[in-house]
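Let's take a walk through this model together. Keep the viewer open and follow along as we go.

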Amino acid sequence: MRKGDLRNQVADAGRVVIITHRNADPDAVASAYATKLVVENIVRGTEVSIVHPDGISHASKQLLSKVGISYDYSREPHLQPRDFVLLIDVARIEQTGLVMDYVRNLVESGDVKIGLIDHHETYSELLSLASFYLYDPKASSSSELVYELASEYGIELPKQALTLLLGGIVFDTRRFVIVSPRVFRVVAELIEKGGNYGLVLESMYQRPSFAERVARLKSIKRARMLKLGDDVIIAVSHVSAYEGSAARALIDAGADLAIVVGSHNGEVRISTRASQRFIEVTGIATSKLMEYLASKLKGAGGGHSLAAALTVRGEYDVDELVERCIALLREVLPKDMKLKEITD
Ligand SMILES: [Mn+2]
């Protein structure tokens, strides 16, 4: 789905402010960086800034340093009248550190215009506010969308930017687990034009930090294990950081659904990963599961079918939250499916 023309929006704007989701992952970083180049190309002299709320992820830092790109970005969004705000890889406005009411007021008063480039499955209220969007939940990544956009404008991106986009795609497809003919076409072009796939892989095979490895192991040690039927294993655990990586570790260790609660200062993040088998058996996408949990816990959540997350503000007892997640999971599962604790 698309609306509006990017060139016209940029030409009308004072500044272009690109904002990604918090703790920008390689897809967010790559698509923001390449979009900045696209915007500067289609309307010369445009002032473009990039905002990565709360900074960028560890994986993004590794990718940027391997590719040899560094650029300035702000960690908090500050909007001015006549800004054209281009939200990239953002499913929900809360992920940018802004709130919907504030953004809606700005848009309705005509002070700023909003654009969106995104691929998340969660339907975003942002679409109705945007004067430009390129929204395609069938795309593997925002990087794929931005590459296609650059091609439409006939823009030849520098090789480093192509490598970065390749990195965004490799990351969001989980190293080509989630694929389509289209993503392979884009990847083939990126490599043909000079994108360096070897460099992307090197950046991803780096040893995780000590803290991340400890979090992964702790999540396994603390996991509550449940089974659905005789085959599907669900693991629910908690860590103090790296909940996404910890959930991945539980899946790698054999779980079909992993829910990991992470408590940060005044905020709880819950990350979920699933195997294809979990979706086949239950018909539940993790994005739907996180949306449901978010609605019950008064937070915001969403994501993809095999990976999703939610955030809730406030201090919580993590053990209670683990129990709560299990209880809510029971509510969502089809009535004929019994969830049983796995004991020794
Ligand atoms: Mn993405």
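Start at asparagine 23, which is partly exposed because 17 other C-beta atoms lie within 10 Å of its own, and a residue needs 20 or more to be called buried. Bear in mind that this is a predicted model. Asparagine 23 sits in the loop that runs between strand S2 (15–20) and helix H2 (26–42). Its backbone is worth a look: phi is near 50°, a positive value in a residue other than glycine. For context, most residues other than glycine have a negative phi.

Now hop along to arginine 82. You'll find arginine 82 in the loop between helix H3 (58–67) and strand S4 (84–88). With 13 C-beta neighbours inside 10 Å, arginine 82 counts as partly exposed.

From there, step over to leucine 86. Which residues touch it, once neighbours within four places in sequence are left aside? Leucine 86 is in contact with Val16, Val17, Ile18, Thr35, Gly115 and Ile117. Leucine 86 also belongs to the largest nonpolar core, which has 64 residues. Among the members that touch the most other members there are Val16, Ile18, Ala34, Leu86, Leu87, Ile114 and Leu165. Apart from that core lies another one, of 41 residues, with Ile233, Ala249, Leu257 and Val268 among them.

Next stop, threonine 272, which is found in strand S10 (residues 267–274). Is threonine 272 buried or exposed? It counts as buried, because threonine 272 has 29 C-beta neighbours inside 10 Å. Leaving aside neighbours within four places in sequence, threonine 272 is in contact with Ala247, Ala258, Ile259, Thr286, Leu289, Met290, Ala308 and Ala309. For a sense of scale, pick tyrosine 71 as well: threonine 272 and tyrosine 71 are 201 residues apart along the chain, and their C-alpha atoms are separated by 31 Å.

Finally, zoom out to the domains. The domain assignment of the protein gives domain 1 (2–204) and domain 2 (210–341). Their C-alpha centres lie 28 Å apart. How many residues of each domain are in contact with the other? The count is 6 residues of domain 1 with 7 residues of domain 2. On the side of domain 1 that touches domain 2, the classes come out as 1 nonpolar, 2 polar and 3 charged residues.

Definitions and conventions: Residues numbered from 1 in each chain as written. Predicted model: local features only at pLDDT ≥ 70, side-chain atom pairs only at ≥ 80, totals over all residues. Domains from an automatic or database assignment. Contact = placed C-beta atoms within 7 Å. Nonpolar A, V, L, I, M, F, W, Y, C, P; charged D, E, K, R; others polar. Core = buried A, V, L, I, M, F, W, Y, C linked by C-beta atoms within 7 Å. Buried ≥ 20, exposed ≤ 12 C-beta atoms within 10 Å, placed from the backbone. Helix = DSSP H or I, 4+ residues; strand = E, 2+ residues; numbered from the N terminus.
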